[in-house]
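Here is a short tour of a protein chain, written for someone meeting its fold for the first time. Take a look at the model, then read on.

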Amino acid sequence: MKKYLAIFMAILMILSIAACDSGNEPAENDPTNPPVSGDGDVIETTLWSLTYDSVWTYDEEEDFLDEDDYSQIILSIPDGDDSYLVSVEIRASVEDAGDFRDYLNSYGFDQYEYAVNNAYDLIKIGGVDCLKQEGNYWGEPCLRYFGRNEGAGTTVFVEITGDYEDDRVDALLAGLTFKLTDTGNVDAPWYWDGEAFSADDMSATAGNVTVNSKWIPFDESFITTETFDHGVAVVGDKTYILSEGILKQYAYDGNTLTFVKDIELDGEYEYISAADDGSLWLSAFGEDLVNLNGDKVVASYEDLDNVAMHPTGTWGISWFTSAECNKVTISGGTASTTSMTFSEVDSVMNLFVDKDYIYVCGSAVDDSGHKVFIYDTEGKLQKTLTGADGEGLGSITYIAKTKDAFIGMDGNMREVVLWNADGNYIGSIEDSELFGTSYPWFCSSSLLDDGSILTVMTEDRADESGMELIAFTLGGF
């Protein structure tokens, strides 16, 4: 009898344990084991299907798009007329790997660690292995999942804004399935396996002026995901590259840029220029203007915008986008400002100062387009540089006075533009003719002691393995 009683009690215990196990709650915020909801409504697109509860809403005209190679939806749980508790954007795109690799960089994942060392945990979202990133979007908490299916040539992205810990988010993601077909796609090489940029010496002519170019390689390819914000300044045999808030020092022997060190900065700076005394000036909107001697800050000035400094380092122009700027005078360790308005200009895109002139690159108040307005150091207009027949230019990202001419780098048009000493248009040279490039962005340039120019630009590699910052010297003009 005792034997049967023991068996009976054991059976009860097993049933009790089983009952407890079947009632466990799924792991919180784990989309792979979410709370189960009802059948809900179903949305079928080319690249995904979604079963969702009626608590989620979307505007079919504004929040939904379905094409052969792109499907997207934005759903939200409303919280009043113009706000929401949480919003979820789901998208899948048949495209090259460029955006996915940009996501890796933007959200703090190292490409090599991801692709070679498998250093990051992956979570299946809709059947695709995804990375997870927690951050913010315009001040709101934000959770992102993104992944790449190489065979299908498809990048998937899910962005949850607001209260992403709401259980209804997990239930929504549980109803998502990406419908991806392996087409045998092979993505472009990663940058470490790709073919680095190279170029031969070249020459090209505009009017009666011949410009020569020489490619200056970095000792190691300068891979970047930032197209525009790179600055360059040269001090003797030292070249400084300001890129994405980091100041890099290179040794420059006229043939190669050899990395020396990174210089730590206390701020996100965008503009750099060299002074006659060999020091550097760095500025950016929202940051202090700083003067560096070597790798040490020797002076700092508050409450200024972007600042283009005169080579003497005694004054400069503080500017942002308005034609109403300030002339900054440095004296006795302080910076004083006086108003200086460039009345011919509607909005400023770039501003430079050299020994004799202030160059304002911007749109004209008469709506005649983007031009370069050249003022003397007191702000009096001297010349206006235009395109052929006086029309507007694209977007001048650098302008300088050479011995016999003015030379400009037109970023939008990808052209080197020349004017004579009187400011009359000579002509332009396309990037492919002078650099052997396909579609670069002219970032920044620096006038060298011998009258030539060191210029840096970004260019996508031909094999699509990455974007490089590349450098050339220009001379002969």
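A residue is called buried when its relative accessible area is under 20%, exposed when that value is over 50%, and partly exposed in between. Keep in mind that this is a predicted model.

Trp441 has a relative accessible area of 12%, so Trp441 is buried. Phe228, at 44% relative accessibility, counts as partly exposed.

| Residue | Relative accessible area | Class |
|---|---|---|
| Phe228 | 44% | partly exposed |
| Trp441 | 12% | buried |

How do the rings of Phe228 and Trp441 pair? They sit edge-to-face, with 5.0 Å from centre to centre and 85 degrees between the planes. Phe228 belongs to the loop between β13 and β14, while Trp441 is in strand β34, so this pair ties together parts that are 213 residues apart in sequence.

The whole structure holds 32 aromatic pairs. There is also an aromatic cluster, whose members include Phe100, Tyr103, Trp190 and Trp192.

Now step back to the chain as a whole. Its secondary structure consists of five helices and 36 strands. The radius of gyration is 29 Å, well over the 23 Å that the globule rule gives for 477 residues, so the chain is more spread out than a compact globule. Along its principal axes, the C-alpha trace spans about 115 × 50 × 45 Å. Of the 477 residues, 46% are buried.

Finally, consider charge: the chain carries 24 positive and 89 negative charges, and their mean positions are 7 Å apart.

How values were computed. Residues are numbered from 1 along each chain as its sequence is written. This is a predicted model: local features need pLDDT of at least 70, side-chain atom pairs count only at pLDDT 80 or more; totals for chains, interfaces and linings use all residues. Side-chain values use heavy atoms; hydrogens and water are left out. Helices (H or I, at least four residues) and strands (E, at least two) are DSSP runs, numbered from the N terminus. The radius of gyration is taken over C-alpha atoms; the globule rule is 2.2 Å times the number of residues to the power 0.38. Buried means under 20% relative accessible area, exposed over 50%, partly exposed in between (1.4 Å probe, protein chains only). Lys and Arg count as positive and Asp and Glu as negative; His and the chain ends are not counted. The place of a charge is taken as NZ of Lys, CZ of Arg, CG of Asp or CD of Glu. Rings of Phe, Tyr and Trp (its six-membered ring) pair if their centres lie within 6.5 Å; planes under 30 degrees apart count as stacked, over 60 as edge-to-face and the rest as tilted.
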